[in-house]
Amino acid sequence: MKYGLALAALSGWLMFSCSQPTQQPGSDISTDGAQILKGKKLFEQHCSTCHNFNQDAIGPNLSGLTRQVESAWIKSFIKNSAALIEAQDERALSVLAKYKSPMPAFPDFSDQDLDDLLSYLHTFETLPLEIVGDTTSNLIPERIQDSGIRLEVEFFAQLPPTDSVSPLAKMTKMEAIPGGERLFINDQRIGLYEIENQIPRLYLNLLENRPAMVSKPGWATGVGSFAFHPDFESNGLFYTSHTEPGGTAPSDFGFTDSLKVFMQWVLTEWKADNPQAKIFQGSSREILRIDNASQAHGMQELTFNPNSKKGDPDYGLLYVGFGDGGTAEKRFPEISNHKGSGVYGSILRIDPLGKDGINGQYGIPKINPFAEQKGNAGEIVAYGFRNPNRVFWDEKGNLHATDIGQHSIEEINRIEPGKFYGWPIREGTFTINPFGSFRSLYPLPADDEKYGVSYPLIQLEHDETVAIIGGYTLPYGPLEGKFVFGDIPSGRLFFADLSKSPNPLVQTWGVIHEGKEVNLKELFNTSRVDLKFGQDHSGLVYIMSKAEGKIYRIKRN
């Protein structure tokens with residue numbers, strides 16, 4: 001069916017308005033999610049070869065059509081454009097003049113089909129002014145300045161290779177047991193190591209215990225994160241997240257059948273029979289399983305509040321950073337733009353020892369902002385993130401998250417319960433059309449307040465960094481009290497004083513190794529650093545690279 005041609009003829013709509021509109025265009029269009037998905041299917045079957053919502057193709061850019069032309073006229077034109085032309089409809093005549101031939105009639109389209117299609121078209125807004133078409137357009141004109149600070153690093157440890165080609169070892173996190181000195185690190189391909197006297201020894205072979213685990217494709221699959229319960233030394237409990245192929249087991253959270261489940265993220269509780277043992281022996285149970293549409297943006301952060309003490313409301317509550325699962329890139333932005341009703345693109349907080357969660361394997365803390373609100377996910381602390389890969393607290397107890405952006409902006413957000421942080425309709429302090437080009441950003445609309453977006457504490461453009469990763473607040477040296485973070489691929493290093501809000505100053509710093517200043521590509525002998533940070537019980541901070549599995553320690557000077 002030449003349905004694309006039917007819509008192609010509508011590019012003249014902006015030249016004319018209805019003579020006497022009876023209502024605001026679009027006000028009669030349904031925003032029901034199921035109806036939008038049906039309309040999306042119709043569009044992809046009949047229209048997508050001629051149209052998109054980013055620019056003119058064979059047919060015109062259709063973004064904003066339903067917001068400027070009343071629904072009745074659009075439906076009439078699709079069903080029988082010739083009748084409108086014969087009736088000397090001014091807009092129809094203009095379309096005919098531009099495209100030179102009349103559109104064939106499509107009387108077989110039902111009223112419901114047309115309603116569904118318009119519901120989908122209505123998700124595309126006309127945006128007033130394009131700022132950027134690529135990452136070289138200087139969205140943020142101020143350049144990040146170098147501080148001149150150089151910190152000395154020393155080789156600390158080498159993880160055993162788990163592959164013969166780079167990345168040799170896929171670590172993402174290194175932290176000490178709460179209140180203890182034992183230091184643990186993960187390799188996404190196999191499990192957890194304990195580092196003792198700078199020698200890593202395998203503590204938990206997760207792959208052996210969970211043979212369905214996969215760590216390919218992508219850099220973000222396998223054992224994504226781990227966290228030890230604050231009472232681990234007495235109760236032996238700790239937690240891991242890992243990936244398994246889509247459909248491995250029934251999920252607790254998923255999405256529409258129209259989108260393929262590529263992987264599943266699994267949250268597991270492990271209980272050591274002897275918490276002091278050097279090799280794990282004990283039991284385990286699955287707490288949560290979430291479907292993912294891609295290999296990216298999943299459960300890449302597990303953590304407990306390190307400042308919380310027994311008796312505090314969030315003591316023993318597990319924070320989980322979960323991204324949008326790649327759903328926005330696959331043109332299903334409604335999955336992550338859920339207004340608190342779903343878990344994607346969110347920071348979650350659960351009671352791993354509770355029982356009132358969706359599957360009875362965890363609890364929903366009453367202090368969570370949506371815990372008592374019907375229709376919302378009680379697990380959520382905050383939402384609107386693309387990939388909250390690091391969740392952390394500053395020295396004053398404020399909660400933050402680093403969020404990897406799509407194409408232009410990286411973010412550090414100060415997290416407040418119940419707030420919406422913009423994705424997928426915002427990237428930094430700019431508007432993004434989740435159905436259009438992800439390379440294009442726009443100014444905030446005049447009615448921005450109605451969207452309720454909380455904007456970043458820090459935003460960096462992609463001419464400075466490509467994918468941000470959070471580190472730790474340094475408790476020593478020239479950067480004492482400063483939060484250090486960096487760019488994952490290049491290893492470029494940044495710091496900021498997060499207490500200086502709003503808009504903390506971001507500067508760069510560097511490292512000295514064996515008396516020579518080097519960048520991290522040189523230090524790790526790689527073109528892609530894949531930077532990660534770690535911290536031990538004494539506060540010493542470490543920088544790590546997956547390329548060779550090497551770990552360096554920032555020295556106290």
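Ile 195 stands opposite Pro 200 in β5, in a predicted model where local features need pLDDT of at least 70, side-chain atom pairs count only at pLDDT 80 or more, and totals for chains, interfaces and linings use all residues. Residues are numbered from 1 along each chain as its sequence is written, and side-chain values use heavy atoms, with hydrogens and water left out. The two strands here are β4 (residues 191–196) and β5 (residues 199–205), paired in the antiparallel sense over six bridges. Strands, like helices, are DSSP runs numbered from the N terminus (helices are H or I with at least four residues, strands E with at least two), and two strands pair if DSSP finds at least two bridges between them. In general, strands of a sheet pair through backbone hydrogen bonds, either parallel or antiparallel.

β4 and β5 make a hairpin with two residues between them, and Asn 197 in the turn has a positive phi of about 55°. Gln 198 lies in the loop between β4 and β5 as well, and has a positive phi of about 70° although it is not a glycine. Most residues other than glycine have a negative phi, and most peptide bonds are trans. Gln 198 is partly exposed, with a relative accessible area of 33%; on this scale buried means under 20% relative accessible area, exposed over 50%, and partly exposed in between, for a 1.4 Å probe and protein chains only. Glu 514 is another residue other than glycine with a positive phi, near 50°. It sits in the loop between β24 (506–513) and β25 (516–518), and counts as exposed at a relative accessible area of 71%.

Next come the sheets. Four strands form an open sheet in the order β10-β11-β12-β13, with antiparallel pairing. Its edge strands are β10 (299–304) and β13 (380–383), each of which pairs on one side only. From one strand to the next, the twist averages 15°, taken from axes that are lines fitted to C-alpha atoms (for helices over the stretch in contact), with angles from 0 to 180 degrees between N-to-C directions. Within this sheet, β11 (residues 318–322) and β12 (residues 346–350) are antiparallel partners over five bridges, and Phe 322 stands opposite Ser 346 in β12.

Past β11, the loop to α9 (333–336) holds Thr 327. Thr 327 is buried, at a relative accessible area of 0%. Leaving out residues up to four places away in sequence, Thr 327 touches Leu 259, Ala 293, Phe 332, Pro 333, Ile 335 and Ser 336, where contact means heavy atoms within 4.5 Å.

A second open sheet has three strands in the order β17-β18-β19, again with antiparallel pairing. Here β17 and β19 are the edge strands, each pairing on one side only. Two bridges join β17 to β18, and the bridge partner of Arg 426 in β18 is Thr 431. The loop between β18 (430–432) and β19 (441–442) is the place of Pro 434, which counts as buried at 9% relative accessibility. Pro 434 and Glu 329 are 105 residues apart in sequence and 7.8 Å apart in space, C-alpha to C-alpha. Not counting residues up to four places away in sequence, Pro 434 touches Ala 328, Arg 331, Pro 333, Pro 424 and Ile 425.

Pro 424 lies in the loop between β16 and β17, and the peptide bond from Trp 423 to Pro 424 is cis, with omega near 15°. Gly 422 is found in the loop between β16 (409–414) and β17 (426–427) too, and is buried with a relative accessible area of 0%. Apart from neighbours within four places in sequence, Gly 422 is in contact with Gly 384 and Val 453. Another cis peptide bond runs from Ser 166 to Pro 167, with omega near 0°; Pro 167 lies in the loop between β1 (145–158) and β2 (174–176).

What about enclosed space? There are three cavities of 30 Å³ or more. A cavity is a set of points, on a 1 Å grid over the protein atoms alone, where a 1.4 Å probe fits but cannot get out, and lining residues have an atom within 4 Å of a point. Grid points are joined across faces, edges and corners, and a volume is the space filled by probe spheres set on the points. The largest cavity has a volume of about 60 Å³. Of the 13 residues that line the largest cavity, the closest to its centre are Asp 403, Glu 411, Trp 423, Arg 426 and Glu 427. β16 and β17 each supply at least two residues of this lining.

Notes. 1 Å grid on protein atoms, 1.4 Å probe; cavity = no way out; pocket = protein on both sides within 12 Å on 5 of 7 lines; lining within 4 Å.
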